[in-house]
Amino acid sequence: MAAPGENLRIDGQRLWDSLMDMAKIGPGVAGGNNRQTLTDADAEGRALFQSWCEAAGCTMGLDQMGNMFAERAGTDPDALPVYVGSHLDTQPTGGKYDGVLGVLGGLEILRTLNDLDVKTKHPIVVTNFTNEEGTRFAPAMLSSGVFAGIHTQDWAYAKTDAGGKTFGDELARIGWRGDEEVGARKMHAFFELHIEQGPILEAEGKDIGVVTHGQGLSWTQVTVTGKDAHTGSTPMPMRRNAGLGMARILEKVDEIAWSHAPHAVGAAGHIDVYPNSRNVIPGKVVFTVDFRSPDLAVIEDMEARLKVEAQKICDDMELEVAFEKVGGFDPVAFDETCVSAVRNAAERLGYSHMNLISGAGHDACWVNRVAPTAMVMCPCVDGLSHNEAEEISKEWATAGAEVLLHAVVETAQIVG
Ligand code: HGY
Ligand code: MN
Ligand code: MN
């Protein structure tokens, strides 16, 4: 006798079609997406998601950080909902699946349960967290961070983009600031489906990553100050070249990360050069060093060595240097019961799987502070992400969403 829900399967083609429809909004220049948070494209993507959720009979909640909550009723209105979700915002040169697969995979669960008229004791809520990427408004996972009580809403509202616009103003401008108090919602559990964004699952030939942990992240913004001067008429001994100082510091960042091989990583993806003129020696550079490791002591060592080495380099070059911590979270251990639900689902469905530590940060890393949380991962081609060429197969998307479905219904408890 099959257990309740044992034979549940999603409609992989419908999920794929929704992914492709969402990908049409905020297109990139090379086949991916540029749907950055709180832009008009983000607003358009939100509206499309809302229309799909309403067509699936959901009620939509919206909080003061613009987090969206599409609820499918359970049989027990007093039971805390099981949440699933991720983010719809993308990098400037983002892929079609980073975040989106987790939101639309959640919607596919609701569509499937509706098709089969399956009822669950706990309500199920599909979530879109605002500004997971942290590319326009640092830090990453900003709104799930407010939801989990890590950041205050005022601090988040005051964050500015490169043009000086604030998060709060832009959220109001696109019309997606809700009334709900952020974090007032209590969760029975939270599950996030996400592409791996790394090479392990594909290399190991596994369909599913059972994510037991997430590595920690540290973002240190470094400001190096020298002196603007003419690139042609300023003799080399007289130069105070902030750009050269940054280059030497970034060499050290790479060396520090390698010194903690094989798990630690380090680089700078954000770099602003001033005045950024072809014939002016840079008088100031501002860049963000991104260190990550599954081990908190390693992250702290890398942060400390960055400061010591950067100070040494700048002292030698008569440059000033300043540091500001602009983002970070400790390594995460996900909830064992939720992780087992993911593993049981993969086994029941016959998908190959392996335990995995998430290399990237996710909203689940903060939600894990306030609710039992776990993640499901699927492979991506060549492990490539944060690149418009990001690609997955329909089969991988289907496998991930089916494991998500079974983990969620196991937790939300099928009735009848
Ligand atoms: O930075 C991260 O790991 C995530 O993609 N925002
Ligand atoms: Mn993501
Ligand atoms: Mn991302």
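This is a predicted model: local features need pLDDT of at least 70, side-chain atom pairs count only at pLDDT 80 or more; totals for chains, interfaces and linings use all residues.
Let's begin at the manganese ion (ligand 3). Asp98 (OD), Glu133 (OE), Glu133 (OE) and His386 (NE2) coordinate this ion at 2.1 to 2.5 Å. Along the chain, the donors follow the spacing D-x34-E-x252-H. There is a neighbour to look for too: the manganese ion (ligand 2) is 3.5 Å from the manganese ion (ligand 3), and Asp98 coordinates both. Asp98 sits in the loop between strand E3 (82–86) and H3, while Glu133 sits in the loop between strand E5 (124–128) and helix H4 (142–147), so the pair ties together parts that are 35 residues apart in sequence. Both Asp98 and Glu133 are buried.

Now follow the chain into helix H3, which covers residues 100–115. From its first C-alpha to its last, H3 reaches 22 Å, close to the 22 Å expected at 1.5 Å a residue. Is H3 mostly covered or mostly open? Mostly covered: 14 of its 16 residues are buried. Just after H3, Asp117 takes a positive phi of about 50 degrees.

Finally, turn to the salt bridges, of which the whole structure has 18. One of them joins Arg185 to Glu180, with the closest N and O atoms 2.7 Å apart. Arg185 counts as buried, at 17% relative accessibility, whereas Glu180 is partly exposed at 24%. In helix H8 (residues 242–258), Glu255 and Lys252 lie three residues apart, about one turn of the helix, and their side chains meet in a salt bridge (3.1 Å, N to O).

Note on methods
Residues are numbered from 1 along each chain as its sequence is written. Chains are lettered from A and ligands numbered from 1 in the order in which they are written. Side-chain values use heavy atoms; hydrogens and water are left out. Helices (H or I, at least four residues) and strands (E, at least two) are DSSP runs, numbered from the N terminus. The expected span of a helix is 1.5 Å times one less than its number of residues. Buried means under 20% relative accessible area, exposed over 50%, partly exposed in between (1.4 Å probe, protein chains only). Donors are N, O and S atoms within 2.8 Å of the metal (3.2 Å for Na, K and Ca); water is not among the atoms, so sites may look incomplete. A salt bridge is a side-chain nitrogen of Lys or Arg within 4 Å of a carboxyl oxygen of Asp or Glu.
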